[in-house]
Amino acid sequence: MIREIKTNELNKLLELYTHLHELGVPENTEHLEKTWNTICNDENHHIIVSEIEGKIVSSCVCVIIPNLTRNIRPYAFIENVVTHTDYRGKGYATACLNYAKEIAQKADCYKMMLLTGSKNDKTLDFYKKSGYNSEYKTAFIQWL
């Protein structure tokens, strides 16, 4: 089942994120709770999950960003694409990205952007097969 996350599923999501790049589940602090509440109450912030037998096995974030160019049309930013190691290669992340695309289309976005730190050809081919390309834009990151 592909859907948006429920507010009571934070711990399931944090467990999944250990398959992304996190070293562990963060401590439940006031800062974590405040951040989670901010995300849950932001109509432009969507956390999409793929659920199998009650377990969240894949996810991505889709943020709709209001914009003053391109005929005042927003754009979507995709981040934190992850699939549990035991469930990779079965189409769950593709389904999450397709759901994100539906959200972006409903919001009348003119484009979707996705960044990856991966240099793995398999990962890059996955994003290309999902409709993304690296030909039109150059991304720069400044870590803070």
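Two strands are taken to pair if DSSP finds at least two bridges between them. In the present predicted model, strand 2 and strand 3 meet this condition, pairing in the antiparallel sense over 8 bridges. Within this pairing, I47 stands opposite V61 of strand 3. The hairpin formed by strand 2 and strand 3 has 2 residues between the strands, and E53 adopts a positive phi near 50° there.

The two strands belong to an open sheet of 5 strands, which has the order 1-2-3-4-5 and mixed pairing. Its edges are strand 1 (2-4) and strand 5 (112-114), each of which pairs on one side only. On average, and with direction ignored, neighbouring strands of this sheet are turned by 30° against each other. Strand 3 is paired with strand 4 in the antiparallel sense over 7 bridges, and C62 stands opposite I78 of strand 4. Strand 4 (residues 75-83) is in turn paired with strand 5 in the parallel sense, over 3 bridges. I78 also stands opposite L114 in strand 5.

Burial was examined next. Strand 3 is mostly covered, with 8 of its 11 residues buried. In strand 2 (residues 45-52), S50 has a relative accessibility of 1% and therefore counts as buried, the cut-off being under 20%. Apart from neighbours within four places in sequence, the contacts of S50 comprise M1, I2, K55, I56, V57, S58, Y92 and C96.

The structure holds 3 salt bridges. In one of them, the side chains of E9 and R3 meet at 2.7 Å, N to O. Both members of this pair are buried: E9 has a relative accessible area of 5%, and R3 has a relative accessible area of 9%. The side chain of R3 also meets that of E51 in a salt bridge, at 3.0 Å, N to O. This pair links distant parts of the chain, since E51 is in strand 2 and R3 is in strand 1, 48 residues apart. E51 has a relative accessibility of 18%, so it counts as buried under the 20% cut-off. R3, E9 and E51 are accordingly linked in a network of salt bridges.

A further salt bridge joins the side chains of D108 and R73, at 3.4 Å, N to O. D108 lies in the loop between helix 3 (92-106) and strand 5, whereas R73 lies in the loop between strand 3 (55-65) and strand 4, so the pair ties together parts that are 35 residues apart in sequence. Both residues are partly exposed, D108 with a relative accessible area of 42% and R73 with a relative accessible area of 27%.

The loop between strand 3 and strand 4 also contains R70 and I72. Most residues other than glycine have a negative phi. R70, although not a glycine, has a positive phi of about 55°, and I72, likewise not a glycine, has a positive phi of about 60°. R70 is exposed, with a relative accessible area of 56%. I72 also counts as exposed, at 60% relative accessibility.

On the surface, L115, I141 and W143 form a nonpolar patch, with about 390 Å² of accessible area together. W143 is placed in the segment after helix 4 (121-129). The relative accessible area of W143 is 75%; because this value is over the 50% cut-off, the residue is classed as exposed.

Key. Residues numbered from 1 in each chain as written. Predicted model: local features only at pLDDT ≥ 70, side-chain atom pairs only at ≥ 80, totals over all residues. Heavy atoms only, no water. Patch = residues over 30% accessible without salt bridge, like charges linked within 9 Å, V, L, I, M, F, W, Y side chains within 5 Å. Areas by Shrake-Rupley, 256 points an atom, 1.4 Å probe, with all protein chains shown as cover. Salt bridge = Lys/Arg side-chain N within 4 Å of Asp/Glu carboxyl O. Helix = DSSP H or I, 4+ residues; strand = E, 2+ residues; numbered from the N terminus. Buried < 20%, exposed > 50% of the residue type's maximum accessible area, 1.4 Å probe, protein only. Axes fitted to C-alpha atoms, helices over the stretch in contact; angles between N-to-C directions. Contact = heavy atoms within 4.5 Å.
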